[in-house]
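Please look at the sequence and the structure before reading on.

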Amino acid sequence: MTTPRRYNITTFGCQMNKADSERMAGILEEMGFLSVEDPNEADLVLYNTCTIRDNAEQKVYSYLGRQAKRKHENPNLTLVVAGCVAQQEGEALLRRVPELDLVMGPQYANQLQDLLEQVFGGSQVVATEPIQIVEDITKARRDSDTTAWVNVIYGCNERCTYCVVPNVRGIEQSRRPEAIRTEMIELAAQGYKEVTLLGQNIDAYGRDLPGSTPEGRHKYTLTDLLYFLHDIPGIERIRFATSHPRYFTERLIQACATLPKVCEYFHIPFQSGDNQILKAMSRGYTHEKYRRIIHTIRHYLPDASITADAIVGFPGETEAQFQNTLDLVAEIGFDQLNTAAYSPRPGTPAAQWDNQLPDAVKADRLQRLNHLVGTKAAERSQRYQGRIEEILVEGCNPRDLTQVMGRTRGNRLTFFPGDFAELKGQLINVKITEVRPFSLTGEVVQRLAPV
Ligand code: SAH
Ligand code: SF4
Ligand code: F3S
């Protein structure tokens with residue numbers, strides 16, 4: 001009997017990559033591979049890579065260097081680079097790291113088995129040609145058994161001038177509503193309680209499906225999809241990300257207010273609070289429009305959590321323009337904001353411009369913005385003090401094993417004393433006793449004994 005081969009996947013980047021990694025892990029397990037924690041013990045090492053900023057890309061090269069060395073001692077090691085760096089670099093990656101066996105873009109995640117069979121047949125394989133994504137027939141091996149990602153639309157048709165995603169993820173491809181519903185029914189049968197629907201621009205969902213019209217009168221939208229999915233028994237919570245301010249609709253907010261399982265949580269990146277910068281970014285909205293969206297959300301759902309992404313130090317950004325970003329953040333009060341210093345990316349328009357800012361200016365603005373974000377998040381957390389919140393128990397608190405952790409409907413991480421084996425996957429009412437900027441602590445609300 002041969003010993004089973006072992007695999008390790010390291011994932012960088014966003015939720016799409018995490019979802020792709022889970023599907024690739026599922027394929028490897030169906031092929032008989034066993035998972036190991038330490039890449040140095042694996043016979044197959046797969047890096048699922050991100051290229052959104054330069055530091056994300058550089059990290060991969062240092063990891064790869066170490067595995068390439070290992071391969072000299074162990075020629076049976078299979079080395080795979082998947083994801084967005086693979087798509088961006090293609091053949092060039094093989095020249096840089098000739099030890100690689102397989103370079104595969106994100107659109108090929110579902111075809112890992114076919115590609116590996118070519119590798120085991122003796123070829124070095126590069127799979128980066130744009131393709132129609134094969135509908136998911138594989139069983140994902142998911143990291144959580146309570147919450148799951150479900151892709152609804154792949155790719156992005158926007159052309160934000162700083163962003164590599166359209167180059168590496170290809171054009172928009174929506175999955176059929178029935179396929180998404182079937183996947184969620186299976187998840188419910190396996191005991192999953194929460195699903196996050198994923199798309200780089202999830203508001204574009206449906207516009208490429210047959211029957212949709214080019215004028216934009218879509219036959220099928222994200223809102224329709226939510227109505228179609230919300231009644232699946234067993235799935236208690238539905239989230240979606242990422243929303244684009246340009247396409248975000250009042251109808252969608254109304255759906256969230258109407259459908260009890262759809263959480264009061266919105267992730268809507270604004271990127272900049274300045275109209276000239278937004279124009280240079282080709283974002284297609286103004287800060288006034290963004291403020292109106294938030295206002296409308298708070299009209300229907302006063303307690304909704306709102307998170308976003310922002311970039312500082314975009315080419316040409318003046319101190320006054322940066323101040324407009326600070327003003328927007330101060331006014332809106334985000335529950336969480338992912339911030340980044342602008343990083344010039346290959347193949348994007350803004351990287352070619354000659355008005356790049358010095359790193360020191362970017363770092364200073366990033367630090368000032370982060371400080372404000374922390375202050376505002378702390379203020380937002382205050383509203384939870386003393387409240388009873390519904391928490392979906394997802395795990396043990398790694399720092400205190402007498403506590404479990406989960407999230408509020410608004411996505412705040414919450415800890416409370418309890419036994420994970422008993423509470424796993426349950427919705428528990430918790431009274432919040434302690435608030436921090438990005439997390440909460442509480443205790444289980446005593447239920448009265450039935451009379
Ligand atoms: N589709 C999402 C964002 C995907 S990328 C959207 O439209 O908002 C995730 C985040 O990375 C972006 O929101 C942006 O804030 C950041 N980002 C993208 N390209 C970047 C770059 N070149 N430099 C710095 N941050 C960048
Ligand atoms: Fe990038 Fe813009 Fe597409 Fe988001 S919408 S993935 S920022 S191009
Ligand atoms: Fe990174 Fe690709 Fe996601 S570049 S952020 S992993 S789409």
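In this predicted model, an oxygen atom of ligand 1 is 2.6 Å from an N or O atom in the side chain of Asp309. Two further polar contacts of ligand 1 involve Tyr162 and Arg283.

| Residue | Atom of the residue | Atom of ligand 1 | Distance |
|---|---|---|---|
| Asp309 | side-chain N or O | oxygen | 2.6 Å |

How much of ligand 1 does the protein bury? Taken alone, ligand 1 exposes 540 Å², and the protein buries 89% of that area. Strand S13 (305–312) and strand S14 (336–341) are the elements that give two or more residues to the shell around the ligand.

The ligand is surrounded by 15 residues, and the closest are Tyr162, Gln200, Gln271, Asp309 and Ser343. Sorted by class, the shell has 7 nonpolar, 4 polar and 4 charged residues.

The second topic is a pair of helices. Helix H1 (residues 15–30) and helix H5 (residues 112–120) have axes that come within 9 Å and cross at roughly 55 degrees. The two helices are therefore oblique to each other. On the H1 side, the contact is made by Met24, Ile27 and Leu28, which meet Leu112, Gln113 and Leu116 of H5. This contact has 5 nonpolar residues, 1 polar residue and no charged residues.

Notes: Residues are numbered from 1 along each chain as its sequence is written. Chains are lettered from A and ligands numbered from 1 in the order in which they are written. This is a predicted model: local features need pLDDT of at least 70, side-chain atom pairs count only at pLDDT 80 or more; totals for chains, interfaces and linings use all residues. Side-chain values use heavy atoms; hydrogens and water are left out. Axes are lines fitted to C-alpha atoms, for helices over the stretch in contact, and angles run from 0 to 180 degrees between N-to-C directions. Helices (H or I, at least four residues) and strands (E, at least two) are DSSP runs, numbered from the N terminus. Angles under 35 degrees count as roughly parallel, over 145 as roughly antiparallel, 65 to 115 as roughly perpendicular and the rest as oblique. Contact means heavy atoms within 4.5 Å. Ala, Val, Leu, Ile, Met, Phe, Trp, Tyr, Cys and Pro count as nonpolar, Asp, Glu, Lys and Arg as charged, and the others, Gly among them, as polar. A residue is near a molecule or strand if one of its heavy atoms lies within 4 Å of it. A polar contact is a pair of N or O atoms within 3.5 Å; within protein, one must be able to donate a hydrogen and the other to accept it, and residues adjacent in sequence count only if both atoms are side-chain atoms. Accessible areas come from the Shrake-Rupley method with a 1.4 Å probe; for residues, only the protein chains shown count as cover.
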